[in-house]
Amino acid sequence: MPIQLGYWKLRGLAQPIRLLLAYTGEDWEDKFYECGPAPDYDRSCWTNEKHSLGLDFPNLPYLIDGDHKIAQSNAILRYIARKHDLCGKDEDARIRVDLVESQTVDFRTPFVTMCYRSANFAQDKEKYLKNIAGDLEAFSKFLGDHDFFAGSEVTYPDFMLYEALDHHRLLEPTILDEHENLKKFMARFEALPAIKAFMESDRFLKYPINNKMAQWGGK
């Protein structure tokens, strides 16, 4: 049976998982949930069934692969990556994998907070873009002249950071202009045959990035 991936009908935390499933050639089905309209944004489509799926910690996204039922996006990514040896080939690569995974979470968190909680998005966006200049410089320096973030081969944090950087490009198209190696990484990732095919398919979600109640990316 196909793997089932449950999440809201948007990119959010599930898009790196979808990209990884496509890259590894897994057979999967998306189980989409959709909030109701404003102002309540009713979530009963999810809350009514979340405790009936056999998940230890019911949450979105979740993945069901036979007897394996997993919530938490990074746990899902690591599960798929272990199946396909995408966690780093040696200790040096695995250290880089661990660093990039954790750093990507830290990088993404204030972005999501701004998108959902900003009271003055235009003003907060300007401040935010100034504040992340150092983060982008650090990612660029860490990548160096490597093809991917753990070295010459793809590993699962590449999917996480690609997605986070793409959200930022959509927020501000010039954001990577000062970091040529990050731009090349994005293009290299998008050119991977399985990724290219997925992005050109009708399964690929370009929008929305966030849920309906977000100040940005919810449409």
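Start by selecting Cys87: with 21% relative accessibility, this residue is partly exposed. On the scale used here, buried is under 20% relative accessible area, exposed is over 50%, and partly exposed is in between (1.4 Å probe, protein chains only). Before you click on, note that this is a predicted model, where local features need pLDDT of at least 70 and side-chain atom pairs count only at pLDDT 80 or more, while totals for chains, interfaces and linings use all residues. Residues are numbered from 1 along each chain as its sequence is written, and side-chain values use heavy atoms, with hydrogens and water left out.

Now jump to Cys115. Is Cys115 buried or exposed? Buried, at 0% relative accessibility. Show its sulfur, then find the closest cysteine sulfur, which belongs to Cys35: the two are 16 Å apart, too far for a bond. With a disulfide taken as a pair of cysteine sulfur atoms within 2.5 Å, the count is zero.

Next stop, the largest pocket. Select Tyr7, Gly12, Leu13, Arg108 and Val112, which lie nearest its centre among 26 lining residues. The pocket holds about 600 Å³ of space. A pocket here is an open set of points, on a 1 Å grid over the protein atoms alone, where a 1.4 Å probe fits, with protein on both sides within 12 Å along at least five of seven lines; lining residues have an atom within 4 Å of a point. Points are joined across faces, edges and corners, and the volume is the space filled by probe spheres set on them.

Colour by element and you'll see that strand E1 (3-8) and helices H3 (73-83), H4 (91-117) and H7 (156-171) each supply at least two lining residues. Helices (H or I, at least four residues) and strands (E, at least two) are DSSP runs, numbered from the N terminus. Which element gives the largest share? That's H4, with six residues.

- Pro61, in the loop between helix H2 (44-47) and strand E3 (62-65): the peptide bond from Leu60 is cis, omega near 5°.
- Pro208, in the segment after helix H9 (193-199): the bond from Tyr207 is cis too, omega near -5°.
- Tyr41, between strand E2 (28-33) and H2: not a glycine, yet phi is positive at about 50°.
- Gln72, in the loop between strand E4 (68-71) and H3: also not a glycine, with a positive phi of about 80°. Gln72 is partly exposed, at 44% relative accessible area.
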